[in-house]
Amino acid sequence: MASLDDTVTTPHESSRTTGSGSLNRRRMLTVALGGAAAVTLPAPAWASADRRPGAHRPPTLTPHDRIVVAQLSAERALQHLKVLSEDIGPRIGGTDSERRAAHYIAGQLDRLRYDTTLQPFPVADKFLAQLSSPAGLPRDLNWQVGASGQAALDTRITAPVVDVGAGTPGDYPADVSGRIVLVDYVAAQREQLAATAVAAGAAAVVFLPADLVVPRRASAFSPTLPGSAAAPLPIPVVGVAQAQKHRLRALLAAGPLTLTVATTAHRGLTSHNVFGERRGRAGRNGPVVMVSAHYDSVIGAPGANDDGSGTVLCLELARVLRAVPINATVRFALWGSEEQGLIGSRYYVAQLPQPERDRILAVYQNDMVATSWDPATRYWLLSFTGESNRATDEVSAAARRLGYEPRISPVTQRGASDHQSFQEVGIASANFSWRGEESPALLEPPYHSPEDTIAKNISLERLQVSMELIGCAAYATARR
């Protein structure tokens with residue numbers, strides 16, 4: 001396994017302008033790789049000229065392709081993913097966890113001697129909670145959940161748990177005073193359900209979402225209680241994910257359960273985009289090739305595949321492309337707060353003057369590129385407009401050279417990732433992702449859940465193929 005240093009050192013302070021306003025550099029935090037050895041995955045085992053798993057023939061690589069694929073290592077990328085997904089965990093836009101991830105990414109780009117910058121932008125307040133138990137909770141799930149902003153915040157409650165099911169007054173036992181209640185969540189009834197719990201003397205409400213249609217699983221959420229905005233409820237109200245719901249009910253069925261619910265309000269938040277740039281021979285005003293991903297995740301999700309996988313693809317390609325001959329400038333972009341509505345990439349594009357937009361040849365956006373879910377056998381080329389462009393054309397050509405034509409989708413219309421921010425203003429961009437054969441909507445069960453972990457949702461083989469496809473495509477674009 002290729003090794004990384006055990007820690008990341010503090011980079012120099014710098015600032016520059018890349019056509020998107022002043023990008024203020026922030027001091028990075030040291031993040032140790034402690035505990036990373038807990039997960040091991042089968043490593044890809046093929047040479048540059050070997051037929052890849054799932055390919056219909058051996059590759060016919062150009063000399064330039066071989067320069068790239070000979071150096072790429074999914075095992076090296078995995079070391080970054082362990083930091084993001086395991087050491088940091090859920091990376092919620094604007095909170096300290098996302099900031100730690102941003103500084104880790106910036107530190108890696110600094111070590112590779114890229115011109116590295118952070119671009120700050122404001123994001124909305126976040127209301128989060130953490131579940132724990134004096135007896136311990138299963139460690140294969142993350143126990144971060146969402147908290148209501150209209151209920152008790154910055155508080156910590158430890159109490160026995162009782163399941164009141166549908167949560168009507170008739171579902172309550174004789175005395176729930178001082179207990180934490182599990183309640184089935186129904187959006188149209190949420191305020192009445194919370195009010196019933198308060199009237200019964202409950203210490204906290206844990207809303208349990210309805211199960212989604214397979215393979216989907218419900219995510220953790222911050223319940224909104226608009227009627228309580230003026231006078232917040234006196235107890236914490238939180239929303240868990242489907243996987244957490246089933247585990248809590250199983251634990252309670254096995255015997256008495258005591259939980260701790262700790263809520264936190266995160267206010268006045270700033271998220272960051274992270275950039276690493278290497279200027280090509282064409283110079284300051286020459287063309288630009290962008291390789292990008294988002295590094296944040298949703299509440300309770302360690303975000304191993306969504307989108308830790310795309311983030312570490314960028315870091316590994318940055319390592320490989322740092323010294324190869326290029327004509328165009330190569331710019332790696334890691335977006336903050338994508339999960340809140342593409343906020344980071346839209347902010348970047350909005351700040352970009354038209355002459356800077358015109359320099360961009362293609363944006364290769366990588367979102368969920370390594371799932372281990374068996375049915376995710378198709379590598380999708382997703383265009384917001386539904387039309388092909390430089391990004392989709394180059395990846396299609398790389399797929400032909402790698403022998404992967406049957407695994408690649410036709411260009412398919414779909415937004416909902418950061419490529420959309422660029423295509424909305426006419427910049428060639430596309431999103432690349434492993435998904436189910438029938439539709440790009442067919443995503444793996446761990447999607448947006450506490451089970452989006454390395455152990456449950458990462459294939460190094462698919463990550464390696466993704467890196468080869470994007471690496472060959474991006475290098476072909478940048479060197480011409």
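**Note on the sheet, its helices and the cores**

1. Strand E15 (residues 378-383) is paired with E16 in the parallel sense over 4 bridges, where two strands count as paired if DSSP finds at least two bridges between them. Leu 382 has Thr 412 in E16 as its bridge partner. Helices (H or I, at least four residues) and strands (E, at least two) are DSSP runs, numbered from the N terminus.

2. This is a predicted model, in which local features need pLDDT of at least 70 and side-chain atom pairs count only at pLDDT 80 or more, while totals for chains, interfaces and linings use all residues. Residues are numbered from 1 along each chain as its sequence is written, and side-chain values use heavy atoms, with hydrogens and water left out.

3. An open sheet of 8 strands has mixed pairing and runs in the order E3-E11-E13-E12-E14-E17-E15-E16. Strand E3 (115-123) and strand E16 (408-413) are at its edges, each with a single partner strand, so one side of each has no neighbour in the sheet. From one strand to the next the twist averages 20°.

4. Helix H6 (residues 304-320) packs on the sheet, where it touches strand E12 (288-294), strand E13 (329-335) and strand E14 (360-366), and its direction makes about 145° with that of E12. Contact here means heavy atoms within 4.5 Å, and axes are lines fitted to C-alpha atoms, for helices over the stretch in contact, with angles running from 0 to 180 degrees between N-to-C directions. Helix H12 (residues 460-479) lies across E12, E13, E14, E15, E16 and strand E17 (429-435), and runs at about 175° to E14.

5. The largest nonpolar core has 72 residues, and those with the most contacts inside it include Val 274, Phe 332, Tyr 364 and Ile 470. H12 gives the most to this core, with 11 residues. Such a core is a set of buried Ala, Val, Leu, Ile, Met, Phe, Trp, Tyr and Cys residues joined through side-chain atoms within 4.5 Å, buried meaning under 20% relative accessible area (1.4 Å probe, protein chains only). Apart from it lies another core, of 26 residues, among them Val 206, Val 238, Leu 259 and Ala 265.

6. The axes of helix H2 (residues 74-88) and helix H3 (residues 96-111) come within 11 Å and cross at roughly 165°. H2 and H3 are therefore roughly antiparallel to each other, a term for angles over 145 degrees. The contact involves, among others, Val 83 and Leu 84 of H2 and Ala 101 and Tyr 104 of H3.

Key:
Buried means under 20% relative accessible area, exposed over 50%, partly exposed in between (1.4 Å probe, protein chains only). Angles under 35 degrees count as roughly parallel, over 145 as roughly antiparallel, 65 to 115 as roughly perpendicular and the rest as oblique.
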